[in-house]
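Hi there,

Here is the structure I promised to pass on to you. Have a look at it first, and then read my notes below.

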Amino acid sequence: MRRTFQATLATLLAGIALFAASKASAAADAAPAKPASRAEAVALIAEARRIVTPAGIEREQKVRIGGIEQWISIRGNHRANPVLLVIHGGPGYTSMPLAWWNARTWEEFFTVVHWDQRAAGRTHLLTDPEVVAPTLTLDRMYADTEEVAAWVRGELARERIFVLGHSWGTYLGLRLALERPGWLHAYVGVAQITDMRENERRNWRVILDRAHRAGDADAVAALEALAPYAAPGAEVPMEHIYTQRRTGERLGGTLAHRDNNRAESAMVRLAPEYDDAGIGRAWDGNAFAAPYLFREIIDIDFSGERSFDVPMLMFLGRHDTIAHPGLVAEWFEGVEAPGKRLVWFEESAHSPMTEEPGRFLLSLVGELRPIAERAGDVPPPR
């Protein structure tokens, strides 16, 4: 009797083990395999974000701008949507390889054009730096901007487009709004540049105050060693700018609730625009271009420009210590334009499109689409 019971129990246990093994095997078969490589992961992202709507557009191409080849991306769910040209910051901090995760939803409402500027992103990898270096001036960069805007208008058959500038890109975008207002439905400045030296001085004081409140003696010492920082007429060495920027970043001035922007920058590693060979060089242009262009950037001053012939919007992160939001708000209060609106992002610093992406989308759509609708620049009802 005991032997019979033991034999039955053994058979039962063996059956349970066999059943569990078969279930585990089935689960393993059903679970998706992990990507075997970066290339495979990127291919998954590229397929997931692929524009599949019948009236959509999805293109990447090199366009000859200012005598060199420059990369442009055009993406949108409906070709009849209004066009939004994005002018990235930096110099050299391209937005195109970040768009797969922070701007995909924009493409439902706009035909979004990203452009890797001279000495930025993949454009930087196309040309000999020794050839490009002498051309890195504010006037040449603005001339490129005009050429790109003209090409986009012609290529997409639009009389007017929206332009969004971010950080350094706001110099190029605001100048375009001043010099070519007939090309624009409206201008959006995200982390706008105004009076650059005053901007630097105010941010230095904000960061120093944060360092004192945080009890960060090293940061206080590093900042105080820069004084008088960005004094009128004085040269501002790049190492001083880097010290100020790095210290501000640690104290939440780049991304409001982080002490660095590595999480944002790392998204480039999965950008479908780059192959495995090029991905490690995505930010090369930033390090290359900044020392050349900051010689002129430090003296940018739009404080006397108050009259515009296009609607003007400012999207400002409350905690920004790169583009001082208070300085921008003061300037914008005196701006005269056919329409203007300042939108605050209370949980953002320098990059509200990544820090508050939902609110950023709502603001873009809510502010820009009505302008396009009044101009008749929207798809017909379906």
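Let me begin with E273, which is found in the loop between α11 and α12; helices here are DSSP runs of H or I with at least four residues, strands are runs of E with at least two, and both are numbered from the N terminus. Before going on, please note that this is a predicted model, in which local features need pLDDT of at least 70, side-chain atom pairs count only at pLDDT 80 or more, and totals for chains, interfaces and linings use all residues. Residues are numbered from 1 along each chain as its sequence is written, and side-chain values use heavy atoms, with hydrogens and water left out.

E273 counts as buried because its relative accessibility is 6% (buried is under 20% relative accessible area, exposed over 50%, partly exposed in between, with a 1.4 Å probe and protein chains only). Its side chain makes a polar contact of 3.4 Å with that of R49 (a pair of N or O atoms within 3.5 Å, one able to donate a hydrogen and the other to accept it; residues adjacent in sequence count only if both atoms are side-chain atoms). Beyond its neighbours within four places in sequence, E273 touches R49, E60, M96, P97 and R122, where contact means heavy atoms within 4.5 Å.

V52, in the loop between α2 (38-48) and β1 (57-65), is exposed, at 57% relative accessible area.

Next, strand β4 (residues 111-115): five of its five residues are buried. T111, V113 and W115 lie on one side, and V112 and H114 on the other. β4 pairs with β2 (residues 68-76) in the antiparallel sense over four bridges, and with β3 (residues 83-87) in the parallel sense, also over four bridges (pairing takes at least two DSSP bridges). I72 stands opposite W115, while L85 has V113 as its bridge partner.

Finally, the largest pocket is lined by 46 residues, with G90, Y93, N261, N286 and I322 nearest its centre. A pocket is an open set of points on a 1 Å grid over the protein atoms alone, where a 1.4 Å probe fits, with protein on both sides within 12 Å along at least five of seven lines; lining residues have an atom within 4 Å of a point. Helix α10 gives the largest share of the lining, seven residues.

Happy exploring!
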